[in-house]
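Could you walk me through this protein and the ligand it holds?

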Amino acid sequence: MNFTEELQRRRTFGIISHPDAGKTTLTEKLLLFGGAIQIAGAVKSNKIKRSATSDFMEIERQRGISVATSVMAFEYRGLKINILDTPGHQDFAEDTYRTLTAVDSVIVVIDVAKGVETQTEKLVEVCRMRQTPVIVFINKLDREGKDPFDLLDEVEQKLHLKVRPLSWPIGMGQHFKGVYSMYEQKLVLFRPHGKQEQDEDVVEITNLADRALEQHIGERDARILREEVEMIESVYAPFSRTAYLEGQLSPVFFGSAVNNFGVRELLDCFVDIAPSPLPRAAEERIVAPEEAKFSGFVFKIHANMDPNHRDRIAFLRVCSGKFERNVSYLHVRQNRKLKFANPTSFMADKKTVVDEAFPGDVVGLYDSGNFKIGDALTEGEMLHFKGIPSFSPEQFRYVNNADPLKAKQLAKGLEQLMDEGVAQMFTREVDGRKIVGTVGALQFDVLQYRLEHEYGASVQYEPVNLYKACWVTCPNEQVLREFMQRRRRDLAHDKEGNLVFLAESAWQLKTVQENFPEVEFYFTSEY
Ligand code: G4P
């Protein structure tokens, strides 16, 4: 297969959902279809159970699982499909945001009974900002849930996605009989606890007026289905692949992941419509996947769980050209050449050394501390990929060294863990004190635990009353100087030395913004 064929047959996507909607179950069924795993239960849930928020072994276990399931690749209908895993726990939402920078499309899983939940809203907002194509899968139709039309309205209102159903449920819960696929014009019948692979469960019905419908689902349901499909055709615009690819229209499927029902229809449509690797924006220019020269960026870093091997794994998305084992590439930020003897791909519980990787692929690179999130590797060009921001943290604590003999270990630990994106650190101008900011409270525990276990350092937190940290710039140097003088008490620098305003309250932030209209305040590090 030549380079273009390899490129065109890749589909790299992520599945996002609120915890418990069925992401792990759906992932597993997709892998079963692709033959990547043989038995159910091979994909472990990567979520931290609610009861375990203070159980650090659980956090460690979770980290182990999420390395293994970081990228799951399988072949289906001649395509190579890469699923990038996203953490289920909301305190790790920032990891998920970053993973979304490495995918080309997304499947959103929604629980039919719960509808659109908060976590999903936030994640889809990130997809919308990036115009990522989204497919919606409404799950658990074997249970009673909301009315499908109401759900579509909810998706449109809360997720601000324009939708177009491509399959439609026939009943639900105990009366769930199956789905009608408008995409493939066929009726798929539901047999609880059966596998949806037998041919007799799928009936081609190209014309809904066909009396065969009655035979399969009965008079009443046939009538309702005809009415509802007619309503769909009149209310929703026809499906357009162009609109989907532009992130303007989201096809919706219904099914039951645990019963493996509706999953094949979803996958078949995904394979037909989902984009092959898309271009990526760098500060310097747009990088097209077809370009001959290799480039890629690191979107996730994972520390090794084995205490005897303190190396880390940096996950790199290939953006253009071909990545090859044992070839020297330029580490742009450090301006030096690196080569990799054991680039790895991960799969459920297996890992394999890869000799080459193509755009859309993700490779795991063993790293002894060279990488941080957002770093680029190229064949020589100075490229800085955009779209891998840090988000303005909302929880803050002072960090103090609790063991004066371990100051070095603490400094190193903090630096490496910040590179991994566990939290963000700010140094205050007036007194040089260090403040750690996070998006979720759990990160403070993770940080403390890992500093102790991986670096032998011990940290003490002290409360600090802050509302938000935002990055600031001002084109007018005189105004900036005045701002810096007057607000000196509230200023800090992030790890890269960028100026950050630490607001104590929403009110204070607003007042300062009004007093300094020329100063720009940013809520992500990318501006
Ligand atoms: P998540 O990764 O999005 O957090 O969800 P996960 O797949 O772990 O699914 C959450 C729960 O929902 C699981 O039950 C799973 O079996 C169940 N589930 C998934 N799909 C369906 C479906 O189509 N119908 C029904 N009725 N349930 C579904 P659990 O009790 O938490 O775990 P388990 O003991 O069953 O594994």
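**Around the ligand**

Let's begin at the ligand: 17 residues surround it, and the closest are Asp20, Lys23, Thr24, Thr25 and Ser256. To be counted here, a residue needs a heavy atom within 4 Å of the molecule. Before we go on, keep in mind that this is a predicted model, where local features need pLDDT of at least 70 and side-chain atom pairs count only at pLDDT 80 or more, while totals for chains, interfaces and linings use all residues. Residues are numbered from 1 along each chain as its sequence is written, and side-chain values use heavy atoms, with hydrogens and water left out.

What kinds of residues make up the shell around the ligand? By class, there are four nonpolar, seven polar and six charged residues. For this sorting, Ala, Val, Leu, Ile, Met, Phe, Trp, Tyr, Cys and Pro are nonpolar, Asp, Glu, Lys and Arg are charged, and the others, Gly among them, are polar.

Now zoom in on some atom pairs. A nitrogen atom of the ligand sits 2.8 Å from an N or O atom in the side chain of Asp142. The protein covers 66% of the 710 Å² of accessible area that the ligand has on its own. Such areas come from the Shrake-Rupley method with a 1.4 Å probe, and for residues only the protein chains shown count as cover.

**Helix α2**

Which helix gives the shell around the ligand its largest share? That's α2 (residues 23–33), with three residues. Helices here are DSSP runs (H or I, at least four residues), strands are runs of E (at least two), and both are numbered from the N terminus. Helix α2 is mostly covered, as nine of its 11 residues are buried. "Buried" means under 20% relative accessible area, "exposed" means over 50%, and "partly exposed" is in between (1.4 Å probe, protein chains only). The buried residues of α2 include Lys23, Thr24 and Leu26. After the helix comes Gly35, whose phi is positive, near 75°.

Take Thr27, which lies in α2. Thr27 is buried because its relative accessible area is 4%. A polar atom of the Thr27 side chain is 2.7 Å from the backbone oxygen of Lys23. Leaving out residues up to four places away in sequence, Thr27 touches Ile15, Met72 and Ile83; touching, or contact, means heavy atoms within 4.5 Å.

**A buried charged residue**

Next, find Glu214 in helix α7 (residues 212–235). Is Glu214 buried or exposed? Its relative accessibility is 11%, so Glu214 counts as buried. The Glu214 side chain makes a polar contact with the side chain of Arg226 (2.9 Å), and another polar contact of 3.0 Å joins the side chains of Glu214 and Arg211. A polar contact is a pair of N or O atoms within 3.5 Å; within protein, one must be able to donate a hydrogen and the other to accept it, and residues adjacent in sequence count only if both atoms are side-chain atoms.

**Rings that pair up**

A pair of aromatic rings is described by the distance of the centres and the angle of the planes. Rings of Phe, Tyr and Trp (its six-membered ring) pair if their centres lie within 6.5 Å; planes under 30 degrees apart are stacked, over 60 edge-to-face, and the rest tilted. By this rule the count comes to 19 aromatic pairs. One of them is edge-to-face: Phe190 and Phe261, 5.1 Å centre to centre with 80° between the planes. Phe190 lies in the loop between β9 (186–189) and β10 (202–204), and Phe261 in the loop between β11 (250–254) and α9 (263–273), so this pair ties together parts that are 71 residues apart in sequence. Phe261 is buried, with a relative accessible area of 2%.

There's also an aromatic cluster, made of Phe294, Phe323, Tyr329, Phe340 and Phe371.

**Stepping back**

Finally, look at the whole protein chain, with its 13 helices and 31 strands. Buried residues make up 56% of the chain's 527 residues. Among contacts between residues at least 6 apart in sequence, 72% join residues at least 24 apart. The chain exposes about 22800 Å², and carbon and sulfur atoms supply 47% of that.
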